[in-house]
Amino acid sequence: LNRKWTIKASHSYAALAARFYIGGVFIYASLSKITYSAEFAENIASYQMVPEWSVNLLAIILPWSELVCGGLLIIGLRSKSAVALLAGMLALFSLSIAINLARGTPIGCGCFSSLETPMTWTTLLRDLIWLAMTLYIYKFDKRFQIEKRFLPAITTA
Amino acid sequence: MATQISKHTFYLKALNELSGELSALVQPRKILETFLLMSMGPVGLRCGFAVVFDSGTFKGTLVCRGIETGVARRLESGWPAVYTHCAALFEGGSPDTAARLIQANDPRVEGNAWPEDITGIVVWKIDDQFAALFGIGTTLDRRPLETDEVELLLNSTVVLSGALARALNTQQIQTLNADLYRKKSELIRARDEADNARSNLQQTTEALKTAYRNIDLLEQAKYGLKALWERQVEQAGRVSRFDFLIIGLVSVVVGILFNHFSPNGIDLLPERFFHPAAPVIALPAAQALITKREAVIIDARPEVFFNQKRISGALNIPPAMFDIAYMIKLNDVDPDKPIVVYGRSFSRHYDEIVARRLVQRDHQNVSVLAGEVSDWESEGYAVEP
């Protein structure tokens with residue numbers, strides 16, 4: 001029983017560390033995209049995955065979604081929903097990268113800035129690892145969640 | 001005998017006049033004054049007094065006529081004692097309704113207080129409550145009263161008694177009426193107060209009902225909020241569509257606002273949506289112009305795509321690098337020389353963007369190729385590398 005408990009506790013702490021990491025990655029990734037939305041729009045267009053009318057809208061909204069979800073993950077508010085959204089984004093990013101790698105298009109992934117070297121299979125692997133981390137967070141994350149810590153106290157008060 | 005008849009007629013006439021005068025009066029004082037005036041004259045009395053009073057409380061009205069001021073003053077306070085002495089002479093210590101004259105020379109009254117210049121006092125009861133005294137003074141010629149004169153005076157007291165009874169009854173009726181009116185006013189006031197109180201009670205009841213309704217609403221709101229809060233607590237560890245909606249809304253609103261106010265902001269939709277399309281040139285026509293070196297061919301795609309495969313001789317001028325690339329590669333080109341632009345994808349019409357910018361730089365003959373590099377290659381035209 002103790003062993004089981006220890007494993008569970010280990011998972012929850014690992015999930016907490018992963019949560020901070022993924023949250024930080026997405027906050028960092030969003031900053032340059034928010035600042036240089038024109039370049040990010042070109043990156044999205046170069047993937048050739050979304051229709052022309054939606055490219056600029058995505059370039060404006062997507063970085064803010066990353067920032068909001070990353071922030072929620074860090075502070076532990078609605079982290080389950082936030083990590084689910086980030087997992088969805090990573091799944092789409094991975095799919096897009098895979099398709100473009102298969103096409104042989106030598107574009108940068110646009111993950112952090114527009115001045116990146118062309119993406120490779122390593123880029124895809126990295127995104128898949130992040131995707132796995134989000135799923136891990138989704139399953140094991142229990143610690144330092146602001147709602148669980150404060151909401152019941154307020155309700156009973 | 002004739003003289004006797006004439007005298008009696010005179011007395012009857014006097015009584016009749018007295019009755020007529022007194023019947024018109026309602027104030028006891030006025031009645032007493034008139035009585036003294038009219039009853040003293042026929043028998044030639046020099047002075048007299050009359051009192052009507054409540055036999056229980058000895059409150060009453062005294063009127064004097066012809067009596068010296070000092071005597072009258074003493075009489076004002078002394079008449080109850082006079083009455084008491086006189087009443088003591090009656091059987092049972094109380095006078096009767098029939099008037100009775102008590103003479104000053106009656107041995108039973110000697111030694112008691114007796115008003116000066118009064119030769120006799122008539123005492124009688126008007127009713128169970130009120131009694132009266134009539135003090136008969138001396139005559140003008142100081143002679144004793146004759147029997148028929150005494151009878152006249154006693155008859156006068158009967159008339160007086162009737163007038164006083166009527167006046168006192170009227171006074172009592174007036175008092176009762178006033179009392180009734182006062183009680184009626186009090187009743188009306190009490191009724192008004194009761195109406196006001198009832199109205200206030202109704203208003204208070206309405207206010208209370210409103211307050212209870214408000215309390216109910218507040219209670220419902222409280223339970224609603226509590227339920228919402230508990231639901232939020234319960235959903236804290238779950239994925240919720242509501243969360244997705246909120247995150248999406250925040251991202252859309254903040255993103256659009258930030259983009260609007262940012263110096264690096266971009267159009268929400270591609271700019272070509274708002275401008276007319278550039279003229280299109282068919283592949284063979286373009287090939288003919290290029291072969292004759294009569295036209296410049298421009299690849300508008302990003303450099304990575306240009307480097308992959310391009311139409312032979314094409315210059316790379318992507319929209320993102322347009323100003324620099326134009327300065328380097330097209331600055332010396334004649335504005336009238338035909339320019340053919342190509343390069344578009346599912347996500348971006350680079351050719352349209354570059355064509356528009358060339359027109360803005362005064363190039364008159366700019367057209368967009370009706371196909372991509374792959375189509376060009378399929379037609380068997382030259383591509384590189």
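## Helices and the model

A helix here is a DSSP run of type H or I with at least four residues, and helices are numbered from the N terminus. The structure is a predicted model.

## The second largest pocket

H4(A) gives the most to the lining of the second largest pocket, with 7 residues. This pocket holds about 510 Å³ of space. Its lining is made of 26 residues, and those closest to the centre are Leu62(A), Met89(A), Leu92(A), Phe93(A) and Ser96(A).

In chain A, at least two lining residues each come from helix H1 (2-35), H2, H3, helix H4 (79-103) and helix H5 (121-140). By type, the lining has 20 nonpolar, 3 polar and 3 charged residues.

## The largest pocket

The volume of the largest pocket is about 1100 Å³. It is lined by 37 residues, and Glu39(A), Glu42(A), Pro302(B), Ala320(B) and Met321(B) are the closest to its centre. Two or more lining residues come from each of helix H2 (37-47) and helix H3 (52-75) of chain A, and from each of helix H7 (303-308), helix H8 (322-329) and helix H9 (350-360) of chain B.

H2(A) provides the largest share of this lining, 6 residues. The lining of the largest pocket consists of 20 nonpolar, 7 polar and 10 charged residues.

## The sheet in chain B

Chain B has an open sheet of 5 strands with parallel pairing, in the order S6-S11-S10-S7-S9. Strand S6 (280-281) and strand S9 (315-316) of chain B each have a single partner strand, so one side of each has no neighbour in the sheet.

Strand S10 (residues 339-342) and strand S11 (residues 366-369) of chain B run parallel and are joined by 3 bridges. Val340(B) has Ser367(B) in S11(B) as its bridge partner.

Notes
Residues numbered from 1 in each chain as written. Chains lettered and ligands numbered in written order. Predicted model: local features only at pLDDT ≥ 70, side-chain atom pairs only at ≥ 80, totals over all residues. Heavy atoms only, no water. Pairing = 2+ DSSP bridges. 1 Å grid on protein atoms, 1.4 Å probe; cavity = no way out; pocket = protein on both sides within 12 Å on 5 of 7 lines; lining within 4 Å. Points joined across faces, edges and corners; volume = space filled by probe spheres on them. Nonpolar A, V, L, I, M, F, W, Y, C, P; charged D, E, K, R; others polar.
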